[in-house]
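The entries follow the order in which I went through them.

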Amino acid sequence: MKHLISIESLQKDQIQNILDRAKYYRDAMIDGKWDRKKLEGKIVLTLFFENSTRTLTSFDIAAKRLGADVVNWNAEVSSLKKDETFSDTIDTLSAMEPDAIVIRHHEYGAPDFVSKRVNCPVINAGDSWREHPTQALLDAVTILQEKETLEGLTVSICGDVAHSRVANSNAKLLTTMGANVRFVAPEMLMPQKLPAKGIECFDTLEDGIKDADIVMMLRIQKERMDRSEIPDDAAYFNKYGLTPERLKHAKPDAFILHPGPANRGVEISDEVMDDPTRSMMKRQVANGVPTRMAVLDMLMEN
Ligand code: NCD
C-alpha cells in the first residue's frame, strides 16, 4: 500500500491489517506504551480545502503521537488566493519534500490526482461525496469494540446518503468484510447508483432500521445541495429523525454511529445523541486517533 485514496482500492486483508494495527495502537495508548518516536524527523503536511473539526485535528494528533512534525497548510491564506493553479500549488508544496500529505478536497478525485504528482504517501481525508476512507476504518474499529466480527452484522446507514462520502466508504468497507448494508433515505437523498453489491434500500426509517445491529446516522449535507432541494428541518425530523421511540425498531442492543458534525433535532434527537449506552459518537472520535496512527505508520514506515 503506497497511498490511502479509497476503500474501493483495498483488498479484504489490507483492510484487516489496518484494523489490527489500529487496535494495537488503541490498546498501546491505554497502557501508555507505544513507540512515540516512530515517525521522528518526518513531516506530515495537511492540506484541507474544506472545513473540518474532527478529521484535521485527529490526523494532527495522530502524527504527533508518533513523533512526526505536522505542517497545517491553510488554503485561505495561500497563493491559491492569488490565482495560482491547484497543480502548481501541489508541485510547489511537493518540492519542499514532505514525508506524507493528508488532503481533503471538495473535488472528486483530487487526492488521486495529487498522489500521481508527488513523491510521498497521500492520504485522502475526504473528497467530494466520493470517499472518506479513514472515517470508514475508524467506524469499523468502533463497531469491533462491541461486536466480535463485522461479518453478518446488519448496518443501516440513514439520512443524506446521496451526498455522503462517509456512506460510500462505509458501504464498501462493510460489504467487503461481510456485513449486510442498508441505505435508508427519502428518494431525493438516495444515491442513483449504489456503491457496492447487495445493498438494500428503504425509504422509511422504521423499516430500514428494523432488527439492525448498528444504526449510522448522517447529517443533511446542505453545502452539496441546491437551496430548492434542502428539506425543511422540522418536517425531516418528523419522518427521518432518530428518536428513542423509533430506535425500538432496531435490535435491543443496537448502537448508534454518527461521523459528526450532527444536527440535533434534524437527523437525531438530543435523547439518542446524548445516551451513553447507545451513542458511540465520542468513541468514534477517540478511535480516530489510533486509526490514523495506524495508517500513517503503515504508509510512512520506510
Ligand atoms: C464528515 C465529512 O466531512 O465527510 N465528517 C467527518 O469527517 N467526520 C461528514 C459530514 O461532513 O457530514
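Before anything else I wrote down the burial scale: buried means under 20% relative accessible area, exposed means over 50%, and partly exposed lies in between, with a 1.4 Å probe and protein chains only. I am working on a predicted model, in which local features need pLDDT of at least 70, side-chain atom pairs count only at pLDDT 80 or more, and totals for chains, interfaces and linings use all residues. Residues are numbered from 1 along each chain as its sequence is written, and side-chain values use heavy atoms, with hydrogens and water left out.

**Entry: cysteines**

I looked for disulfides, taken as pairs of cysteine sulfur atoms within 2.5 Å, and the structure holds zero of them. For C201 I noted why: the closest cysteine sulfur belongs to C158 and is 12 Å away, which is too far for a bond. C201 counts as partly exposed because its relative accessibility is 41%, whereas C120, at 6%, counts as buried.

**Entry: the ligand shell**

Which residues surround the ligand? Counting a residue as near if one of its heavy atoms lies within 4 Å, I listed R54, T55, R104, H132, Q135, R165, V166, R219, Q221, P259, G260 and P261. I sorted this shell by type, with Ala, Val, Leu, Ile, Met, Phe, Trp, Tyr, Cys and Pro as nonpolar, Asp, Glu, Lys and Arg as charged, and the others, Gly among them, as polar; the result was three nonpolar, five polar and four charged residues.

The elements that give two or more residues to the shell are α2 (54-65) and α6 (165-176), where helices are DSSP runs of H or I with at least four residues and strands are runs of E with at least two, numbered from the N terminus. Domain 1 (12-132 + 287-300) and domain 2 (146-279), with bounds from an automatic or database assignment, each supply at least three residues to the shell.

**Entry: backbone geometry**

P261, one of the shell residues, is joined to G260 by a cis peptide bond with omega of about -5°, and P261 sits in the loop between β9 (255-257) and α10 (270-273).

S128 is in the loop between β4 (122-127) and α5 (133-146) and is buried at 1% relative accessibility. D211 is in the loop between α7 (205-208) and β8 (214-217) and counts as partly exposed at 42%.

**Entry: two buried positions**

Where is L4 placed? I found L4 in the segment before α1 (12-31), buried at 0% relative accessibility, with its C-alpha atom 9.1 Å from that of A125, 121 residues away along the chain. S156, in strand β5 (residues 154-158), is buried at 0% relative accessible area, and its C-alpha atom is separated by 6.8 Å from that of V184, 28 residues away along the chain.
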